[in-house]
Structure formats: structure tokens, C-alpha cells
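The sequence and structure come first.

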Amino acid sequence: MTERVETNPEMSFPSDIPNINKVTTGADINRRGSKRTGLVLVGLTGAAAVGLSVISAPFVLPAFRKFCLPYIPATTNQVQNVLRALHGKKGSLLDLGSGDGRIVIAAAKNGFQAHGIELNSLLVLYSKVAARVANVSSQATFKKMDLWGSKLADYDNVVIFGVEQMMEELGKKMEVELKAGCSVAACRFPLPGWTPIKTVGEGVDMVWLYEIPLSVTPTNSPGG
């Protein structure tokens, strides 16, 4: 650890000590005023940086776990593509890493009994408030939980906005836990080795829809 040594300008430079024989001019006063203003601005900037770090920390820290899953809000197109992919589906829905709750709330508005799990406590609280404001709090519920500890067997539909590094491992978990007939909507990245029954959108807005057991290759399927 690097030791930081702070110095006091007035102690380090004796020449700055006022000379009683020196006549103080207007220019001297202006220079001192500018110096004080600069110090105040530096202090305010530092305080703002600390404040932003404190506020953003709860949103960033959850990314540092088994696989990086940072909080990146879904775009309007992504939300719409999820709903389009799941058109005609019904029953329960689980959003793994639900963030601010927008997917869960949108699903609840479209007839699903939707549930979101999220590791960030502030986002869980925000999602609950947002669901109440949207008048869907009985159809949209949220819980603080790590997605790797979640139980998937009871859900008819699963949504995941993942990152590339986690998708293979998550696919293995789903193969073991998901029930036959369950639909999986993967956003941003596909599930490696799985065959989608359809895709919606393109680029970063693309959604891959899978169905158990049709989308799972025989060599990877449970008991295969």
C-alpha cells in the first residue's frame, strides 16, 4: 500500500508568511481570493466524486460475483421484443437479474404472474415501488436473491438479460432445473448449444426464444 503524505503549504514554505513590513496591495488580495476560490472548487469536486461513488456503489458492486452481471437497463425495444417472443405464452414468469423491474412489470401488464430476483437491495426496493405505482404489485413481485441460488423448476417462462461469459454455465443450470414446456427468452446473448424456436429483433435488441426440451441438444439434455 502506497503511503500518502500530505503537506501543509503554509508550513512548507515559510516565505508565504506575511511580512509586517510589506505593503498589501489590491493585487495581493485578488491573488489570495483566487487561491481560496480554487481550494473551495477542488473541495466541492472531491465531495461530489465521493458522493457519486457512494450512490453508484450498490449498483456496481453486484457485478463482482460469479459472473459479471452489471445493471444495464433494458431498452424499450428489448422489452417489446421479449413480449413479442413470449406472445401466446402464459402462466408464471421469472426474470433472472431483474434490475429496475421493467421486464417484470411489463410482463405483469400482459397477463403473466411475474417475479423478479435481483441481488441489489436498492433495485429490489425500487422495483417494488414501481410495481405499486403501475398498479400491478399483486402480479409483479420481487425478491433479493443471487440468480445462481434460485430454483427454476416452478416457472413456465424464464427471462435472462445475461452477459456472454455466464450463458454457458446458466444453460447447464437450466437444463437440470427447468420443466418440460418451459420457455426461455434470452436477451443480448444466446445460450450456447441451444437451438432457438424463434428469434425476435436484431443486434443488441435480439431475443432468442427457447423451449424445453426442444431447444436442448440430446447430448446436453438431462438424462441424455
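Leucine 125 is exposed, with a relative accessible area of 53%. Here buried means under 20% relative accessible area, exposed over 50%, and partly exposed in between (1.4 Å probe, protein chains only). The structure is a predicted model, in which local features need pLDDT of at least 70 and side-chain atom pairs count only at pLDDT 80 or more, while totals for chains, interfaces and linings use all residues. Residues are numbered from 1 along each chain as its sequence is written, and side-chain values use heavy atoms, with hydrogens and water left out.

Leucine 125 sits in helix 5, residues 121-133. Together with Val129 and Val133, Leu125 forms a nonpolar patch on the surface with about 300 Å² of accessible area. Patches are made of residues with over 30% relative accessible area and no salt bridge, like charges being joined within 9 Å and nonpolar side chains (Val, Leu, Ile, Met, Phe, Trp, Tyr) within 5 Å. Accessible areas come from the Shrake-Rupley method with a 1.4 Å probe, and for residues only the protein chains shown count as cover.

## Overall make-up

The protein has six helices and seven strands. Helices (H or I, at least four residues) and strands (E, at least two) are DSSP runs, numbered from the N terminus. Read from the N terminus, the order of elements is α-α-α-β-α-β-α-β-β-α-β-β-β. Of the 224 residues, 36% count as buried. The accessible surface of the protein comes to about 13700 Å², and 59% of it belongs to carbon and sulfur atoms. Contact means heavy atoms within 4.5 Å. Among contacts between residues at least 6 apart in sequence, 63% join residues at least 24 apart.

Strand 5 (residues 183-187) is mostly covered, with five of its five residues buried. Ser183, Ala185 and Cys187 point one way from the strand, Val184 and Ala186 point the other way, and all are buried.

Two strands pair if DSSP finds at least two bridges between them. Strand 4 (residues 157-161) runs parallel to strand 5, and five bridges join them. Serine 183 in strand 5 is the bridge partner of asparagine 157. Alanine 186 stands opposite tryptophan 208 in strand 7.

Asparagine 157 lies in strand 4 and counts as buried at 2% relative accessibility. Leaving aside neighbours within four places in sequence, its contacts include Leu86, Lys89, Phe112, Cys182 and Ser183.

## Helix 4

Helix 4 (residues 102-109) is largely enclosed by the rest of the structure, because six of its eight residues are buried. These are Ile103, Val104, Ile105, Ala106, Ala107 and Ala108. The cover over the buried residues of helix 4 includes helix 3 (76-85), strand 1 (92-96), strand 2 (113-118), helix 5, strand 3 (140-144) and strand 4. Just after helix 4, glycine 111 takes a positive phi of about 100 degrees.

## Salt bridges

A salt bridge is a side-chain nitrogen of Lys or Arg within 4 Å of a carboxyl oxygen of Asp or Glu. The count comes to four, and the table shows some of them.

| Lysine 89 | Glutamate 211 | 3.4 Å |

Lysine 89 is partly exposed, at 27% relative accessibility.

Lysine 179 is partly exposed at 33% relative accessibility, as is aspartate 156 at 26%.

Lysine 173 and glutamate 177 both lie in helix 6, four residues apart, about one turn of the helix. Lysine 173 is buried, with a relative accessible area of 11%, whereas glutamate 177 is partly exposed at 23%.
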